[in-house]
Amino acid sequence: MIQIPLAPLLLSMKVAGLATVAALVLGTPIAWLLARGRFPGRAVLESIVMIPLILPPTVTGYYLLLLIGRQGLLGRLMGQWLNIGIIFTWKAAVLASTIAALPLFIKATQGAFEGIDRRIEDAGRTFKPVLIVLCTITLPLAWRGILAGSILAFARAMGEFGITLMIAGSIPGRTQTLALAIYDAVQANQPQEANAMSILATAAVLLILALVGRMTKVRY
Amino acid sequence: MLDLALDRRLPGFHLRTQLVIGDGITALYGPSGSGKSLTLLAIAGLIRPTSGTIRINGRTVFDANAGIDLAPHLRRVGLVFQEYALFPHKTVSGNLSFGLPRGTPKSKAADRVNETLHLLRLDSFAQHYPYQLSGGQRQRVALGRALIGRPEILLLDEPFSALDPAVRETLRQELLQMLADYKGTILLVTHDLQEAYLMASTIAIIDGGKVLQMGTREEVLHQPRTRRVAEHTSAKNILRGVACHDSDDTWDIVWRGHHLRADGPAPAAAGEVEFCIRPEDVRLVWPDRVERRVNLLRGRIVHELGRGLDYVLFVSLTDGGDPGKYDLEIQVRSRLYDLMTLCVGKEVWLSLPPDHLHLLAPDE
């Protein structure tokens with residue numbers, strides 16, 4: 001009988017879930033801006049958003065380390081003014097996963113916004129204020145794209161490795177997510193544990209996909 | 001009543017429309033890219049002009065100098081889009097009720113929706129989604145959605161372009177019937193002159209971002225002000241001659257050696273002028289009745305186009321034998337074509353009725 005370590009899975013779920021929410025909240029307005037906005041610096045914003053997708057994760061992680069580490073610019077400010085340090089805590093793991101997931105989420109959501117016929121929104125605007133049109137026309141029409149983006153974001157967050165290792169470390173029971181724990185198990189020559197955790201991770205992701213697939217059946 | 005003067009510069013295009021239109025249906029007619037849809041969007045508040053004013057029934061909804069720019073939903077404008085732009089995720093009822101102003105009590109809203117459904121003959125389609133409807137039904141929903149909030153002005157952007165030509169004819173009649181009860185200003189945008197004439201009592205011709213002429217539909221068709229208007233209304237025979245003023249409202253035009261009489265007021269000064277006559281206004285004359293006609297010409301048919309109900313004949317006065325070179329385009333009914341045994345190569349007598357010869361003012 002082998003012990004299935006549940007802690008890394010639960011931590012991964014928590015981190016990936018929170019990262020997905022963060023990507024949703026941060027990414028949706030950015031995606032809307034990129035899809036509909038016409039402002040100077042639009043191309044620059046689009047490139048910046050894509051950086052984490054292109055850079056090696058360890059490099060992104062290293063930059064973040066410089067930024068939020070105890071001696072980093074943001075890290076020092078947060079320590080002094082807010083008395084919080086997120087480096088090498090599960091919060092840093094959430095940050096790492098959010099950064100990794102954001103480009104995927106934004107790309108999918110931007111596509112969803114761009115796919116909406118502008119005249120449908122314009123028609124809405126002749127009847128109701130912009131904010132109501134956004135909530136009752138734009139978002140309901142884009143929600144499948146937003147959901148697809150969220151699934152991508154969640155999957156990417158579950159698999160996050162490089163950035164997490166750089167800024168959250170791999171502290172068992174505290175910041176060791178599933179991906180890191182599997183690596184550790186392989187390193188420590190514990191194939192049963194690696195197998196168990198890999199199967200667990202696969203099952204969890206498949207279950208979520210199936211649930212989401214059920215929810216997104218629509219008529220129009 | 002709509003009163004607007006607007007100016008908006010875009011890359012490669014300068015919109016500077018001026019319009020004053022009263023109640024009833026006015027058609028804004030022009031080729032694609034003429035600025036007619038842009039004008040509609042500006043009235044609705046969906047694009048912002050650089051300068052100018054827009055007033056609806058005396059209410060200023062836009063004034064660049066005074067810094068007034070009312071949001072679209074506050075302008076009391078109903079807009080029917082080209083492809084209808086229905087909300088695909090809402091039912092027919094949902095689409096209609098979205099057109100009601102905010103804060104309408106629930107029971108009153110339901111009444112208005114039912115009333116509108118009934119008016120549009122869509123009672124049994126309340127719970128259908130747009131994708132389940134035919135083109136004509138979609139158009140009715142779009143119209144109902146635009147009218148349910150009782151707008152002061154109704155804007156229709158090419159309402160028939162998304163439909164098959166076969167159903168267009170019926171739906172035009174249907175639309176006219178549904179609009180019969182609407183008391184307000186209606187502005188219909190179209191690139192189809194026949195449609196403009198059929199639907200509207202007043203026509204404004206727009207091209208290159210400017211209104212070239214506005215008047216009753218007969219005026220615009222038969223008394224084009226300038227050459228460009230004549231081109232847009234398919235006057236076809238736009239000719240160049242030398243005119244001198246004969247007497248009140250009578251002009252003598254020398255064209256290719258012939259003296260032609262033209263009746264009616266002319267905006268042009270004497271001298272070299274352009275004038276026009278529509279192909280259907282040129283008369284073919286039986287050879288034995290030649291003496292009684294004025295503005296009589298003799299020519300040869302160099303080319304013809306059979307169109308079923310009528311023929312378009314291309315007549316050359318000099319007869320160089322080149323079918324591409326002709327002086328007049330004329331339109332005759334097929335029955336007359338057969339009676340006169342017309343064909344390419346045949347010599348014919350033509351008369352240009354003086355009241356249909358129309359002098360054009362120079363283009364600005």
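Modeller: Helices are DSSP runs of H or I with at least four residues, strands are runs of E with at least two, and both are numbered from the N terminus. The model is predicted, so local features need pLDDT of at least 70 and side-chain atom pairs count only at pLDDT 80 or more, while totals for chains, interfaces and linings use all residues. Residues are numbered from 1 along each chain as its sequence is written, and chains are lettered from A and ligands numbered from 1 in the order in which they are written.

Colleague: How many helices and strands are there in chain A?

Modeller: Read from the N terminus on, chain A runs α-α-α-α-α-α-α-α-α-α. The count for chain A is therefore, under the DSSP definition, 10 helices and zero strands.

Colleague: What percentage of the residues of chain A count as buried?

Modeller: The C-alpha trace of chain A spans about 65 × 45 × 30 Å along its principal axes. A residue is buried if 20 or more other C-beta atoms, placed from the backbone, lie within 10 Å of its own, exposed if 12 or fewer do, and partly exposed in between. Of the 220 residues of chain A, the share that counts as buried is 37%.

Colleague: Are α5(A) and α7(A) roughly parallel or roughly antiparallel to each other?

Modeller: Helix α5 (residues 90–114) and helix α7 (residues 130–158) of chain A pack with their axes 8 Å apart and at an angle of about 160°, where axes are lines fitted to C-alpha atoms, for helices over the stretch in contact, and angles run from 0 to 180 degrees between N-to-C directions. Angles under 35 degrees count as roughly parallel, over 145 as roughly antiparallel, 65 to 115 as roughly perpendicular and the rest as oblique. The relation of α5(A) to α7(A) is therefore roughly antiparallel.

Colleague: Is the crossing of α5(A) and α7(A) left-handed or right-handed?

Modeller: A crossing is left-handed if the near helix is turned anticlockwise from the far one by less than a right angle, and right-handed if clockwise. By that rule the crossing of α5(A) and α7(A) is right-handed.

Colleague: How do the residues of the contact of α5(A) with α7(A) divide, and how many are nonpolar, polar and charged?

Modeller: Residues are in contact if their C-beta atoms, placed from the backbone, lie within 7 Å, and those of this contact include Leu104(A) of α5(A) and Ile146(A) of α7(A). Ala, Val, Leu, Ile, Met, Phe, Trp, Tyr, Cys and Pro count as nonpolar, Asp, Glu, Lys and Arg as charged, and the others, Gly among them, as polar. The contact of α5(A) with α7(A) divides into 13 nonpolar, six polar and two charged.

Colleague: Which residue of β21(B) does Phe275(B) stand opposite?

Modeller: β15 (residues 271–277) of chain B pairs with β21(B) in the antiparallel sense over three bridges. Opposite Phe275(B) stands Leu359(B).

Colleague: How many residues of chain B are in contact with chain A?

Modeller: On the chain A side, 15 residues take part. The chain B side has 13 nonpolar, four polar and one charged residues. The number of residues of chain B in contact with chain A is 18.

Terms used
Two residues are in contact if their C-beta atoms, placed from the backbone, lie within 7 Å. Two strands pair if DSSP finds at least two bridges between them.
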